[in-house]
Amino acid sequence: MPDQTLPPQHQTRQPGREYEMHPPPESEGRHYRSAHRLTGRVALISGGDSGIGRAIAVAFAKEGADVAIIHLEEPTDAEETGRLVRAENVRFQAIRTDVSKPELCKQAVEKVVAEWGRLDILVNNAAQQYPKGDLEQISPEQLEHTFRTNIFSMFYLTQAALKHLREGAAIVNTASVTAYRGSGHLLDYSSTKGAIVAFTRSLAQSLAERKIRVNAVAPGPIWTPLIPSSFSADEVKQFGTKTLLGRPGQPDEVAPSFVFLASEDASYMTGQVMHPNGGEAVSS
């Protein structure tokens, strides 16, 4: 296995900024071939300004969907995502808000529906992580913030979206490989990701009669702004070295899983989790 995959680098704030990363993540799907699987549909993606969220937004746009994204405080990254989405001749809107607050989630959903008249796909993707070596180092404030951002937000956005989702709609949640193998230095983060898997399976049962499908994607190590904003420069340069493929994944290697689950190609899938993780065997 290689001993380095990336140049050492570190960002001092979360969420991270994609425009500060070198090399930049690959989010544009240059080799992606559209089959127009989402034409006429409206998608809302939380954490859609950068990383996996940006790649999902671009892939959905290539498939013909109008795309709205939610971001916290990254206008430069959000503007670049908008440029890439609009290049596919679909509509785009960026909503700056805090998904950890239920009323703001409701406002974001209502804004999309008010402007475009419908909502067909919800992608719950926003997340943050704060590595700590020991359980004792996780403060009550950090614990609550991580859960509010990573899993409470999924409840809030989904509750707000449900009255607008019709038969055939799709919800796709971003989990993580850490939900399955754990992470000794990301105790609170990996706990939220385990909760997301349970949320996905339970919500799929709850919405089956309404014919709304609910699935999740559990990426492995992916090169996104979370990485340099979470880890030291030395840790970043070794990121992804332990995968079978010997490298971290790129956001546009994850986005096709979301396209599949959001489209009618996955019409017989609900309550399931896909695993683009570089070759790690997990029990789903």
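Throughout these legends, a residue is buried when its relative accessible area is under 20%, exposed when over 50%, and partly exposed in between, using a 1.4 Å probe and protein chains only. The model is predicted, so to speak of local features we need pLDDT of at least 70, and side-chain atom pairs count only at pLDDT 80 or more, while totals for chains, interfaces and linings use all residues. Residues are numbered from 1 along each chain as its sequence is written, and side-chain values use heavy atoms, with hydrogens and water left out.

Figure 1. Pro-15 sits in the segment before β1 (42–46); here, strands (E, at least two residues) and helices (H or I, at least four) are DSSP runs, numbered from the N terminus. Pro-15 is buried, because its relative accessible area is 15%. Leaving aside residues up to four places away in sequence, Pro-15 touches Leu-72, Glu-73, Glu-74 and Gln-128, where contact means heavy atoms within 4.5 Å. For a sense of scale, Pro-15 and Leu-122 are 107 residues apart in sequence and 21 Å apart in space, C-alpha to C-alpha.

**Figure 2. The seven-stranded sheet.** Here is an open sheet of seven strands, in the order β3-β2-β1-β4-β5-β6-β7, with parallel pairing. β3 (92–96) and β7 are the edge strands, each with a single partner strand, so one side of each has no neighbour in the sheet. Two strands count as paired if DSSP finds at least two bridges between them. β1 and β2 run parallel and are joined by five bridges, with Leu-44 having Ala-68 as its bridge partner in β2. Three bridges join β1 to strand β4 (residues 121–124), again in parallel, and Ala-43 has Ile-121 as its bridge partner in β4. β4 in turn runs parallel to strand β5 (residues 170–174), with four bridges between them; Leu-122 is partnered by Ile-171 in β5.

Figure 3. Strand β2 (residues 66–71) is mostly covered, with six of its six residues buried. Asp-66, Ala-68 and Ile-70 point one way from β2, Val-67, Ile-69 and His-71 point the other way, and all are buried. β4 is covered on both faces too: Ile-121 and Val-123 lie on one side, Leu-122 and Asn-124 on the other, and all are buried.

Figure 4. Side chains of opposite charge can pair when their charged atoms come close. A salt bridge here is a side-chain nitrogen of Lys or Arg within 4 Å of a carboxyl oxygen of Asp or Glu. Glu-18, Arg-54 and Asp-77 are linked in a network of such bridges. In the pair formed by Asp-77 and Arg-54, the closest N and O atoms are 3.9 Å apart. Asp-77 lies in helix α2 and Arg-54 in helix α1 (residues 51–62), so this pair ties together parts that are 23 residues apart in sequence. Asp-77 counts as buried at 2% relative accessibility, and Arg-54 counts as buried at 7%.

Figure 5. In one of them, Asp-265 pairs with Arg-37, the closest N and O atoms being 3.1 Å apart. Asp-265 is in the loop between α9 (251–262) and β7 (273–274) and Arg-37 in the segment before β1, so the pair ties together parts that are 228 residues apart in sequence. Asp-265 is partly exposed at 46% relative accessibility, as is Arg-37 with a relative accessible area of 29%. In another, the side chains of Glu-280 and Arg-181 meet at 3.0 Å, N to O. Glu-280 is partly exposed with a relative accessible area of 31%, and Arg-181 is partly exposed with 46%.
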